[in-house]
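Dear colleague,

Please find below the structure that I am handing over to you.

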Amino acid sequence: NNQNSTRFESADASKKMSSFAVIISFQGKTVTLPNITTLTTAQELHHQVLEALQLSDEKTQVKLLFKGKRILKDDCDPVFSSVPNSNKPPKLIVLATSAVVAQAIASKKSDPTIR
């Protein structure tokens, strides 16, 4: 009986470690990121997205959205808690802003006549 429970535990562990693909959408293009696991952290995911889209971390501010929620770049927690349904891979929306544009917007003063 112990042998059966060990077999189920190892099957659960292998299911958690199995890799899956994630689809990212950026400026009307879709790119598939392979080899994502339930242990993939937000930092790793951000890095893979930057590489896949050939964006520079220094020149671009990138936001990732999954199910309407922002995935924070500095988060060390895993993004996906379980392996998603293989028929429909998870989809991330990528928003990118040039660092120069972001700094220009942040440095502008608000108009005091507008309430």
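This is a predicted model: local features need pLDDT of at least 70, side-chain atom pairs count only at pLDDT 80 or more; totals for chains, interfaces and linings use all residues.

What percentage of the residues in the protein is buried? Buried residues make up 24% of the 115 residues, where buried means under 20% relative accessible area, exposed over 50% and partly exposed in between, with a 1.4 Å probe and protein chains only.

Residues are numbered from 1 along each chain as its sequence is written, and side-chain values use heavy atoms, with hydrogens and water left out.

Overall arrangement

The protein has three helices and five strands, which are DSSP runs numbered from the N terminus (helices H or I, at least four residues; strands E, at least two). From the N terminus on, their order is α-β-β-α-β-β-β-α. Of the contacts between residues at least 6 apart in sequence, 64% join residues at least 24 apart; a contact means heavy atoms within 4.5 Å.

Helix α2

The end C-alpha atoms of α2 are 16 Å apart, which agrees with the 16 Å that its twelve residues should span at 1.5 Å a residue. The expected span is 1.5 Å times one less than the number of residues. Ala42, Leu45, His46, Val49, Leu50 and Leu53 are buried in this helix. They lie on the same side of α2, because they cover an arc of only 135 degrees around the axis; the arc is that of the directions from the helix axis to the C-beta atoms. An α-helix has 3.6 residues a turn, so residues three or four places apart point the same way. The cover over the buried residues of α2 includes β1 (20-26), β2 (29-36), β3, β4 (69-71) and β5.

Although glutamine 54 is not a glycine, it has a positive phi of about 55 degrees. Glutamine 54 is exposed, with a relative accessible area of 73%. Lysine 67, in the loop between β3 and β4, also has a positive phi, near 55 degrees, in a residue other than glycine. Lysine 67 is exposed, with a relative accessible area of 73%.

The largest pocket

About 190 Å³ of space lies in the largest pocket. A pocket is an open set of points on a 1 Å grid over the protein atoms alone, where a 1.4 Å probe fits, with protein on both sides within 12 Å along at least five of seven lines; lining residues have an atom within 4 Å of a point. Its lining holds 13 residues, of which Gln61, Val62, Lys63, Arg70 and Leu95 lie nearest the centre. The elements that give two or more residues to this lining are α2 (42-53), β3 (60-66) and β5 (91-98). The largest share, four residues, comes from β3.

Lysine 63 is found in strand β3 and counts as partly exposed, at 38% relative accessibility. Leaving aside residues up to four places away in sequence, lysine 63 touches Arg70, Ile93, Val94 and Leu95. Lysine 63 and alanine 96 are 33 residues apart in sequence and 6.3 Å apart in space, C-alpha to C-alpha.

With kind regards

Methods:
Grid points are joined across faces, edges and corners, and a volume is the space filled by probe spheres set on the points.
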